[in-house]
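Biologist: Could we go through this structure together? I would like to begin with the aromatic side chains and then turn to the charged ones.

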Amino acid sequence: MAVGKNIRTYFQGTWHEGDVSVMRAADHGSWLGSTVFDGARFVNGLAPDLWAHCARVNRSAEALMLRPTVTTEEMVQIIWEGLGAYAEGAAVYIRPMYWGIGGDKTAIVPSQEQTGFAICLEEIPMAPESAATTLGRTRFRRPVMEDAVVNAKAGCLYPNNARMLAEVHARGFGNALVADAMGNVAESATANVFMVKDGVTFTPIANGTFLSGITRARHIANMRADGMEVHEAVLSFADFEAADEVFLSGNMNKVTPVTAFEEVSYQVGPVTRRVRELYWDWAATTG
């Protein structure tokens, strides 16, 4: 399903123009959901944390009992080759992915013999700096390790995200603020979340119920290097209701200000603006 334009696909050792078919009807990934992916960004000639995203897709494959077939270094090189066909000013979503092809004697456990691999490059613009979203409550929660492969960026986790979004969209909100199994705030339906109170930044502690994002970690490191106080903590919905600022952190748009959570409204404050500034300053210096 293409959401952007100017797609290029790496499959079976070469780059192809367009949205190429890569998975067969009988592949394990097609009918049993053994798919993992990652997402990086190419913006203004930069691909921040590309190596980290490629390394994570290999870890995600292992978490789903798939055998990774491309090293992180090789994947980075392949991606840069593919990006060479885009204008330097293009905003490109970079999506490496693996899927199971065969199964064991039960058909359920993916075979280690063969793993599908592809990379999809797709032009998707960055949201403008003025873009923001609102959050609503959802009855759906983040699972735990005993329930789902929450240590992977796995396709099979996303139908639960879709339920959250559909529920809050029907009530007029842009995203969902989601609880973990204990009822504490975990993240949003699509991205990690931060809140600011009295100039101090907080984010839910990575407790294994959600994917602690690469961009989330980058924001924490940037803020601390800038002398800002930031804590990972157990946070309640009441904490967010009392917050001064709230923003989302994800690969697609890096920083998304939140202007409301249910009936509570927020301003796009100085910390949110500074975090965005710090991120792009860091990206520019690292290439």
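**Aromatic and charged contacts**

Modeller: Phe 247 has a relative accessible area of 0%, so Phe 247 is buried. Please keep in mind that this is a predicted model.

Biologist: Which residue forms an aromatic pair with Phe 247?

Modeller: The partner is Phe 194, and the pair is stacked, with 5.0 Å from centre to centre and 5° between the planes. Phe 194 also counts as buried, at 0% relative accessibility.

Biologist: Where do Phe 194 and Phe 247 lie?

Modeller: Phe 194 belongs to strand 10 (residues 192-197) and Phe 247 to strand 13 (residues 245-249), so the pair ties together parts that are 53 residues apart in sequence.

Biologist: How many aromatic pairs does the structure hold?

Modeller: There are 10 aromatic pairs. One of them joins Phe 37 and Tyr 158; the ring centres are 5.4 Å apart and the planes stand at 55°, so this pair is tilted. Phe 37 lies in strand 3 (residues 35-37) and Tyr 158 in helix 4 (residues 158-169), so parts that are 121 residues apart in sequence are tied together.

Biologist: Is Phe 37 buried or exposed? And what about Tyr 158?

Modeller: Phe 37 counts as buried, at 16% relative accessibility, because the limit for that class is under 20%. Tyr 158 counts as partly exposed, at 34%.

Biologist: Which residues form an aromatic cluster?

Modeller: Tyr 10, Trp 15, Tyr 98 and Phe 117 form one such cluster.

Biologist: Let us move to charges. How many salt bridges does a search of the whole structure find?

Modeller: The search finds 13 salt bridges. In one of them the side chains of Asp 38 and Arg 56 meet at 2.6 Å, N to O. Asp 38 is in the loop between strand 3 and strand 4, while Arg 56 is in helix 2, so this pair links distant parts of the chain, 18 residues apart.

Biologist: Are Asp 38 and Arg 56 buried or exposed?

Modeller: Asp 38 counts as buried at 0% relative accessibility, and Arg 56 is buried with a relative accessible area of 9%.

Biologist: Which residue forms a salt bridge with Glu 241?

Modeller: That residue is Arg 137, with the closest N and O atoms 3.4 Å apart. Glu 241 sits in helix 6 (residues 237-241) and Arg 137 in strand 7 (residues 133-141), 104 residues apart. Glu 241 counts as partly exposed at 37% relative accessibility, and Arg 137 is partly exposed at 36%. Arg 137 also lies over the face of Phe 237, at 4.3 Å from the ring centre.

Biologist: What does Lys 197 form a salt bridge with?

Modeller: Lys 197 forms one with Asp 244, the closest N and O atoms being 3.9 Å apart. Lys 197 lies in strand 10 and Asp 244 in the loop between helix 6 and strand 13, so the pair ties together parts that are 47 residues apart in sequence.

Biologist: Which residues are linked in a network of salt bridges?

Modeller: Asp 226, Arg 274 and Glu 277 are linked in this way.

Biologist: Finally, which residues of helix 3 are buried?

Modeller: They are Thr 72, Met 75, Val 76, Ile 78, Ile 79, Gly 82 and Leu 83. These residues cover an arc of only 165° around the axis, which puts them on the same side of helix 3. They pack against several elements, including helix 2 (50-63) and strand 5 (92-100).

Note on methods. Residues are numbered from 1 along each chain as its sequence is written. This is a predicted model: local features need pLDDT of at least 70, side-chain atom pairs count only at pLDDT 80 or more; totals for chains, interfaces and linings use all residues. Side-chain values use heavy atoms; hydrogens and water are left out. Buried means under 20% relative accessible area, exposed over 50%, partly exposed in between (1.4 Å probe, protein chains only). Helices (H or I, at least four residues) and strands (E, at least two) are DSSP runs, numbered from the N terminus. The arc is that of the directions from the helix axis to the C-beta atoms. Contact means heavy atoms within 4.5 Å. Rings of Phe, Tyr and Trp (its six-membered ring) pair if their centres lie within 6.5 Å; planes under 30 degrees apart count as stacked, over 60 as edge-to-face and the rest as tilted. A charge sits over a ring if NZ of Lys or CZ of Arg is within 6 Å of the ring centre and within 35 degrees of the ring normal. A salt bridge is a side-chain nitrogen of Lys or Arg within 4 Å of a carboxyl oxygen of Asp or Glu.
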